[in-house]
Amino acid sequence: MTEGTTRFTPGTPCWASLMVHDLAASEKFYRDLFGWEFEEGPAQLGPYTRAHLDGRRVAGLGEMRDGSAVPVAWLPYLAADDADAVCDLVRDCGGTVGVGPLDSGEAGRMAIAADPGGATFGIWQAGADAGVPADGAIGTPVWNELVTADGFAVSPFYCRVFGYTAEPADATDTDYLTLRLDGRAVGGVRGVGRSLPRDRGPHWTTYFAVADTDEAARHVTELGGHLVREPRESPYGRIAHVTDPEGAHFAVIRMIDPQDAVTRRERG
């Protein structure tokens, strides 16, 4: 995570991490796609590297232990002042805690939890490292969206645990909520009902900023990944949904300013 000790407001997405089976191959894929370089990081859960781009840390990649059945999926981490207290609140609100809380060296304290629907997310209590801001920089995580069966049913969990307000995006999108923190849009919740993918269940999707969505999608397939949904326009910018060679889903987006995008969407 980024150097420095400035803490994010609790609930702010502050990191994205991916656990894979072949760390070296995954590093090559993301290096070729986004231009990331890597350095060794904390290894509490096994080999782990931190991705750098233009002098800043942007994400983490870890290697699973042999025989692990954990899905290969990008995981957003949400900032917390007290990871232990947040984990207690997760349980009180019907969620579960699968890992931790545990210390990640001097960097901070972390846990991995799931909401009542089963979507997993990380919790990060900053120590020496606070995380990274979603400032729209190319090649970095810029947005997170929860895909679940019923967004209106699960959103109160996140509002209670992290202090969000959940607001309907517009009248034409019957189950899309924007999560706000101190008035800022920090994520989205999309309810898809029976269209929820059976092989994935409820899940968070991490969006990475790119200069050209169509070119990035083509590059993904050239590097051994797959195109899940063709590039298309959205209120937030031009988006494509893809997977890496191990099947981790993510999205690439040539985005407009996120706050302007949310305002446009709410105005219809």
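Two strands are said to pair if DSSP finds at least two bridges between them, and strands themselves are DSSP runs (E, at least two residues; helices are H or I, at least four), numbered from the N terminus. By this rule, strand E5 (residues 74–80) and strand E8 (residues 120–126) pair in the parallel sense over four bridges. The model is predicted, so local features need pLDDT of at least 70 and side-chain atom pairs count only at pLDDT 80 or more, while totals for chains, interfaces and linings use all residues. Residues are numbered from 1 along each chain as its sequence is written, and side-chain values use heavy atoms, with hydrogens and water left out.

**Sheet**

- Eight strands form an open sheet with mixed pairing, in the order E2-E3-E4-E1-E5-E8-E7-E6.
- Strand E2 (37–40) and strand E6 (96–104) are at the edges with a single partner strand each, so one side of each has no neighbour in the sheet.
- On average, neighbouring strands of this sheet are turned by 30 degrees against each other, direction ignored.

- Helix H1 (residues 23–34) lies across E1, E2, strand E3 (48–53), strand E4 (56–63) and E5, and runs at about 150 degrees to E4.
- Helix H3 (residues 151–162) lies across E5, strand E7 (108–114) and E8, at about 10 degrees to E8.
- Axes are lines fitted to C-alpha atoms, for helices over the stretch in contact (heavy atoms within 4.5 Å), and angles run from 0 to 180 degrees between N-to-C directions.

**Ser-17**

- Ser-17 belongs to strand E1 (residues 13–20) and is buried at 6% relative accessibility (buried: under 20% relative accessible area; exposed: over 50%; partly exposed: in between; 1.4 Å probe, protein chains only).
- Beyond its neighbours within four places in sequence, Ser-17 is in contact with residues including Tyr-48, Gly-60 and Trp-74.

**Phe-29 and the aromatic residues**

- Phe-29 is located in helix H1 and counts as buried at 4% relative accessibility.
- The C-alpha atoms of Phe-29 and Asp-244 are 7.6 Å apart, although the two residues are 215 apart in sequence.
- One aromatic cluster is formed by Phe-29, Tyr-30, Phe-34, Trp-36, Phe-38, Trp-74, Phe-208 and Phe-250.
- The count of aromatic pairs comes to 20, where rings of Phe, Tyr and Trp (its six-membered ring) pair if their centres lie within 6.5 Å, and planes under 30 degrees apart count as stacked, over 60 as edge-to-face and the rest as tilted.
- Trp-36 and Trp-74 form an edge-to-face pair, at 6.2 Å centre to centre and 85 degrees between the planes.
- Trp-36 lies in the loop between H1 and E2 and Trp-74 in strand E5, so this pair ties together parts 38 residues apart in sequence.
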